[in-house]
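This report looks at how the parts of one chain pack against each other. The sequence and the structure come first, and the discussion follows.

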Amino acid sequence: MEFKPTYTKKEVKELVDWFENNEYPHSINLGGGIKIDDMAKTVKQLSHLALTQHDNRNFCGPIAMLFQIREKIQSTLTQ
């Protein structure tokens, strides 16, 4: 998903549901110097943030990161 200043509740609910219904690695390297070592904790915190702050422009970066994590996971599954 492209970077946006705000996200709809439907968009973030679909995203959070994806993480709840799929397995993902314990750690991931997103590139650009971003490495996440505890995915379970990160996904939990970013999911809560996305669900509660999806329409707040101040939190668009962390929410976009959650979309980026999903895209990275999906791309590694299709390779």
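Is H54 buried or exposed? In this predicted model, H54 is buried, because its relative accessible area is 13%, which falls under the 20% that marks a buried residue.

## The loop residue H54

H54 sits in the loop between α2 and α3. Leaving out residues up to four places away in sequence, H54 touches T6, Y7, T8, K9, V12, L49 and I63. One of these partners, Y7, has a contact list of its own that, with residues up to four places away again not counted, comprises M1, E2, V12, H54, D55, C60, I63, A64 and F67.

## Helix α3 and what covers it

Helix α3 runs over residues 60-77, and its 18 residues reach 26 Å from the first C-alpha to the last, close to the 26 Å expected at 1.5 Å a residue. Its buried residues are C60, I63, A64, L66, F67, I69, R70 and I73. An α-helix has 3.6 residues a turn, so residues three or four places apart point the same way. The elements that cover the buried residues of α3 include the helices α1 (9-21) and α2 (39-53), together with the strands β1 (28-31) and β2 (34-36).

## The largest nonpolar core

The largest nonpolar core holds 20 residues, of which Y7, F19, M39, L66, I69 and I73 touch the most other members. Two or more residues are given to this core by each of α1, β1, α2 and α3, and the largest share, seven residues, comes from α3. In soluble globular proteins, nonpolar side chains tend to be buried together.

A serine in helix α2 also deserves attention: S47 lies in that helix and counts as buried, because its relative accessible area is 9%. When its neighbours within four places in sequence are left aside, S47 is in contact with V16 and L66, and L66 is itself among the core residues that touch the most other members.

## Aromatic pairs

The structure holds three aromatic pairs. In one of them, the rings of Y7 and F67 have their centres 5.2 Å apart and their planes at 25 degrees, so this pair is stacked. The pair links distant parts of the chain, since Y7 belongs to the segment before α1 while F67 belongs to helix α3, 60 residues apart, and both Y7 and F67 are buried.

Another pair is formed by W18 and F19, whose ring centres lie 5.0 Å apart with the planes at 90 degrees, so the arrangement is edge-to-face. W18 counts as buried at 13% relative accessibility, and F19 is buried with a relative accessible area of 4%. Together with Y24, W18 and F19 form one aromatic cluster.

Key. Residues are numbered from 1 along each chain as its sequence is written. This is a predicted model: local features need pLDDT of at least 70, side-chain atom pairs count only at pLDDT 80 or more; totals for chains, interfaces and linings use all residues. Side-chain values use heavy atoms; hydrogens and water are left out. Helices (H or I, at least four residues) and strands (E, at least two) are DSSP runs, numbered from the N terminus. The expected span of a helix is 1.5 Å times one less than its number of residues. Buried means under 20% relative accessible area, exposed over 50%, partly exposed in between (1.4 Å probe, protein chains only). Contact means heavy atoms within 4.5 Å. A nonpolar core is a set of buried Ala, Val, Leu, Ile, Met, Phe, Trp, Tyr and Cys residues joined through side-chain atoms within 4.5 Å. Rings of Phe, Tyr and Trp (its six-membered ring) pair if their centres lie within 6.5 Å; planes under 30 degrees apart count as stacked, over 60 as edge-to-face and the rest as tilted.
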